[in-house]
Amino acid sequence: MIERKCPAADQGEAAALDYVRRAQESAADIPGMPVTDSAFRPAQAAVVGAGTMGGGIAMALANTGVPVTLIDRDIADLERGLSRIKANYASTVQRGRLEHSVAEERLSWITPVADMAAVADADIVIEAVFEEMEIKQHVFRALDRHVKPDVLLGTNTSALDIDAIASATSRPDRVVGTHFFSPAHVMRLLEVIPGAHTAPQTLAQAMSLGRLLGKVAVRAGNSNGFIGNAMLFDYRREAHFLVEEGAFPSDVDRVLTEFGFAMGLFTMTDMSGLDLGVESKRKAIATRPQDRRYTDLGLLPVDLGRLGQKTGAGWYKYLSGDRRAHRDPEMDAEIVAYSARIGIQRRQISDDEILERCLYALVNRGAWLLEQDVASKPTDIDAVYTTGYGFPKTKGGPLYWADSVGLSKVLDDIEHLHAQHGVWWEPAPLLVRLAREGGTFTGLQQGEPK
Ligand SMILES: NC(=O)c1ccc[n+]([C@@H]2O[C@H](COP(=O)([O-])OP(=O)(O)OC[C@H]3O[C@@H](n4cnc5c(N)ncnc54)[C@H](O)[C@@H]3O)[C@@H](O)[C@H]2O)c1
């Protein structure tokens with residue numbers, strides 16, 4: 001059992017907060033990256049895709065006074081996107097956070113155009129179309145025909161291969177992952193993902209873009225899910241296993257928010273939209289390895305037409321005009337029936353088990369990502385989780401928290417989970433080494449062999 005109140009909470013919330021601040025600042029230190037002009041500022045930007053993310057990214061740019069051309073397939077898509085942007089500004093004005101005249105001025109920086117050729121004078125183009133490789137490649141082929149030679153090309157993909165996207169252009173050195181978080185004009189995290197051919201100067205400019213937009217930009221390696229979502233995959237997998245085995249989404253979310261998360265995992269995914277990435281997931285089912293348990297629980301609400309907050313129902317239900325998640329007995333009954341269909345006898349799941357499986361999934365994957373150099377330093381992982389995923393800053397981030405629990409206890413518990421639940425829980429060799437040597441994640445120096 002993990003102590004629910006971790007030592008850091010008692011001994012040093014202030015120390016944890018200070019650590020998070022330093023972690024966020026040090027994310028910009030990337031060995032070998034050219035020093036860029038801190039006044040880097042595109043004179044003109046373009047965003048392709050006027051959906052949830054494209055609209056938010058256009059707002060983030062307009063909010064710093066950068067003119068943005070917002071491109072989508074047709075007028076109807078643009079009108080939908082623009083009305084969402086207008087509604088966002090209107091609600092900020094209504095809440096007294098922005099002057100009406102400032103909102104109007106920012107809105108005037110965004111020009112909607114249903115023609116890809118409108119990227120011609122952009123210094124930066126950020127793509128935020130559907131999460132489908134063929135569509136992204138189609139868009140990048142088109143961009144390649146119209147953009148200036150020295151343009152910076154960013155893709156907002158959540159998990160796709162940057163190299164495969166860049167290969168659709170004649171300038172892979174100018175392509176980089178720029179992974180914003182939803183809502184993009186509010187959330188401060190930006191993962192910057194260089195591909196195999198991304199030039200150092202391109203990486204440096206993308207990191208500067210983050211700074212310009214007031215974000216915490218963190219470099220992440222080009223592997224499935226980068227840093228944040230790779231960890232989320234494991235964390236979500238365990239949360240879904242727990243629900244298949246006997247917990248309800250509201251149990252998992254309660255335990256996570258009691259720990260200090262800004263919101264529970266199921267509430268969070270209801271907010272982002274449960275259909276996100278679902279088609280790729282369905283396609284992957286046929287080819288996934290047979291050596292481990294998988295969960296398709298995420299398809300259940302989608303198949304029931306419950307796509308999250310936007311449809312008034314997901315894991316929870318939502319009343320009109322109220323964004324709060326309400327437990328829905330109908331959905332819980334669907335979950336019970338689902339467990340029966342996949343042959344699982346539901347059992348009572350303790351809060352300790354929920355917390356242990358969710359948090360250790362984050363810690364172990366974080367250790368693997370360091371080992372594989374997807375994250376260059378432990379502080380980057382903690383900066384990502386506290387800035388973009390609602391991990392409590394007072395606990396420093398998953399790796400800082402693991403250090404406070406003690407890595408030998410963390411390893412013992414993970415070995416136990418490995419024995420019980422199999423291959424997903426193979427402990428990361430870095431964790432094993434640090435636990436045996438009495439080391440800590442936060443004691444690791446950048447560049448130290450892992
Ligand atoms: N929603 C999130 O929480 C989130 C978070 C981070 C990253 N992302 C990523 O951002 C990207 C966009 O996601 P979203 O949630 O904004 O999707 P969305 O469905 O809200 O918007 C996608 C937009 O792209 C447009 N589009 C599709 N094909 C196009 C084309 N060929 N040319 C021009 N426009 C085209 C669509 O008309 C639509 O307006 C995806 O890659 C997604 O994985 C999403």
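A residue counts as buried if 20 or more other C-beta atoms lie within 10 Å of its own, exposed if 12 or fewer, and partly exposed in between, with C-beta atoms placed from the backbone. Keep that in mind for helix α18, where P429, R436 and E437 are exposed on one side. This is a predicted model, in which local features need pLDDT of at least 70 and side-chain atom pairs count only at pLDDT 80 or more, while totals for chains, interfaces and linings use all residues. Numbering runs from 1 along each chain as its sequence is written.

**Domains**
- The protein splits into domain 1 (1–26 + 228–277 + 288–294 + 347–373 + 376–443) and domain 2 (45–219), with bounds from an automatic or database domain assignment.
- Their C-alpha centres sit 30 Å apart.
- Twelve residues of domain 1 are in contact with twelve of domain 2 (contact: C-beta atoms, placed from the backbone, within 7 Å).
- On the domain 1 side, α15 (378–388) and α8 (228–245) each supply at least two residues (helices are DSSP runs of H or I, at least four residues, numbered from the N terminus).
- α15 gives the most to that side, with five residues.

**The largest nonpolar core**
- This core has 123 residues, and V47, I57, A58, V68, V125, I227 and V252 touch the most other members (a nonpolar core is a set of buried Ala, Val, Leu, Ile, Met, Phe, Trp, Tyr and Cys residues joined through C-beta atoms within 7 Å).
- Helix α14 (residues 351–371) is the top contributor, giving eleven residues.
- Domain 1 and domain 2 both give residues to this core, so it lies between them.
- Neighbours within four places in sequence aside, A58 is in contact with V47, V68, L70, I85 and I110.

**Around the ligand**
- The ligand is surrounded by 27 residues, and G49, G51, M53, E131 and S182 are the closest (near means a C-beta atom, placed from the backbone, within 6 Å).
- Helices α2 (52–63), α3 (75–94) and α5 (133–146) each put at least two residues into this shell.

**Helix α18**
- In α18 (residues 429–437), the buried residues are L430, L431, L434 and A435.
- They cover an arc of only 125° around the axis, which puts them on the same side of α18 (the arc is that of the directions from the helix axis to the C-beta atoms).
- Those buried residues pack against α14 and α17 (407–421).
- Just after α18, G438 takes a positive phi of about 75°.

Technical notes
Two residues are in contact if their C-beta atoms, placed from the backbone, lie within 7 Å.
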